Amino acid sequence: MPTHEGPRTVADHLAEVLALVAALPPVSVPLDDALGLVLAQDVTAPEALPRFANSAMDGYAVRAHDVAGASVEHPVTLPVVLDLPAGADAQTAIAPGTAARIMTGAPVPPGADAIVPVEATDAGVQTVVITAPATLGAHVRRAGEDVAAGAVVLAAGEELTPYRIAAIASVGRAEVLAHRRPRVLLMSTGSELVVPGEAMRHGQIPDSNSYLLAAAARAAGASVVRLGAVPDDADALRAALGADRPEVDLVITSGGVSQGAYDVVKEVLIGLPQMRFVPVAMQPGKPQGLGRLEDGTPVLALPGNPVSAFVSFEAFGRPALLALRGLTGAALHRPRVRARVTEGWSSPRGREQHIPVVLTEGEHGLEARPAANRGSGSHLVASLALADGLAIVPRDVTAVGVGDEVAVVRIAP
Ligand SMILES: Nc1nc2c(c(=O)[nH]1)N[C@H]1C(S)=C(S)[C@@H](COP(=O)(O)OP(=O)(O)OC[C@H]3O[C@@H](n4cnc5c(N)ncnc54)[C@H](O)[C@@H]3O)O[C@H]1N2
Ligand code: MOO
């Protein structure tokens with residue numbers, strides 16, 4: 001294995017990460033549990049939708065011809081021969097010169113071809129006085145106008161959102177075939193780390209990365225086992241990654257991947273035949289590990305600096321989780337927007353910079369400024385809380401000036 005290869009591009013590294021993962025197998029899921037899963041098979045409509053012509057208004061089903069001349073001055077009075085609430089099994093035809101009282105959603109009876117809303121009547125029960133004309137088909141929802149029988153309502157590969165779940169329910173399906181939700185094991189490493197809230201001596205800090213990555217992985221649709229902080233001890237890490245580890249589809253570690261004497265993730269994993277530790281031409285997030293454990297489970301070993309861990313998760317971890325969920329192509333990436341810079345910053349030559357920025361709506365469109373008031377330091381974790389996006393600065397740019405346009409990956413709505 002080359003130990004001193006030059007930095008690879010973010011795109012090349014992402015391609016190698018994505019080669020480690022594939023969509024998880026489909027399972028049959030009740031609609032109540034389907035939110036956020038990705039459909040593994042097209043859903044088609046077994047019948048037309050709406051299934052039957054029905055009323056769009058509370059009112060009276062009539063023949064348009066019978067009320068063509070109706071007005072306030074010349075009302076038309078018709079006998080009411082049927083009363084049709086929603087759910088009525090209206091199969092009896094109404095004769096010319098009669099009306100049926102009908103509620104929204106009730107089937108339009110044979111013989112009727114228009115609905116007069118109740119507001120244009122005296123709301124009569126035995127007879128109805130109609131004071132406005134109706135055109136042919138007025139307020140009738142035609143059978144099949146939403147979906148034709150046999151049509152695809154939702155294609156495989158689509159993420160199940162609330163309105164897509166409603167579309168599936170509306171064609172009478174209670175379950176769908178969807179890719180299983182990925183399980184991810186998250187651990188941070190470092191002997192300086194303590195559980196947030198516990199007493200700290202000088203030199204110790206709270207573990208924030210395992211919470212950051214756990215929340216980010218959940219937001220990306222994974223279920224998470226958060227192991228917390230493992231000390232910089234090879235045996236402890238080997239145990240955490242060993243046979244007793246929970247069964248997961250991806251392991252993500254943070255920390256211990258650079259050049260230090262106690263960089264234990266690298267020390268333990270570098271011996272595995274399918275693991276590699278490589279520099280990526282990005283800032284932050286340069287040192288990255290990727291590959292597989294002995295049993296084949298994919299691993300991403302992210303750098304420990306909090307901003308580096310987050311940026312690395314966004315660039316590599318999130319797309320990997322989305323690919324496990326069954327998404328592909330552009331759906332693996334967050335939307336990018338363009339924004340005008342209002343406070344400049346510098347960027348290292350030769351590294352694609354991913355810098356947390358605050359986005360605001362300016363007079364001439366979106367504006368961006370660094371979230372941290374002291375630039376792009378990868379330790380500035382609290383400044384992440386302010387960020388709405390990550391500005392992506394190309395490798396050859398070393399200074400971003402006021403008025404420049406930058407691409408920003410939106411990380412907050
Ligand atoms: N001699 C060199 N030193 C470093 C290099 C290098 O190339 N040569 N690269 C630097 C870069 S770039 C990065 S990024 C970091 C990555 O280091 P590690 O992945 O080994 O991370 P650690 O050393 O474990 O920690 C770095 C930093 O982040 C803090 N940290 C770690 N984990 C957490 C956590 N769970 N919660 C909060 N904070 C955490 C840790 O205390 C350190 O301050 O290496 C540079 N060094
Ligand atoms: O690559 Mo490191 O991630 O700059 O801080």
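Start with Pro 50, which counts as partly exposed because 17 C-beta neighbours lie inside 10 Å (buried is 20 or more other C-beta atoms within 10 Å, exposed is 12 or fewer, partly exposed is in between, with C-beta atoms placed from the backbone). The model is predicted: local features need pLDDT of at least 70, side-chain atom pairs count only at pLDDT 80 or more, and totals for chains, interfaces and linings use all residues. Residues are numbered from 1 along each chain as its sequence is written, while chains are lettered from A and ligands numbered from 1 in the order in which they are written.

Pro 50 sits in the loop between strand S2 (43-44) and strand S3 (54-55); strands are DSSP runs of E, at least two residues, and helices are runs of H or I, at least four, numbered from the N terminus. Select Arg 141, Ala 143, Glu 145 and Asp 146 next: leaving aside neighbours within four places in sequence, Pro 50 is in contact with them (C-beta atoms within 7 Å).

H6 is largely enclosed by the rest of the structure, because 19 of its 20 residues are buried. Just after H6, Gly 326 has a positive phi of about 110°.

Finish at ligand 2, surrounded by Gln 283, Pro 284, Gly 285, Lys 286, Pro 303, Asn 305, Ser 308 and Ser 378 (C-beta atom within 6 Å).

Technical notes
Two residues are in contact if their C-beta atoms, placed from the backbone, lie within 7 Å.
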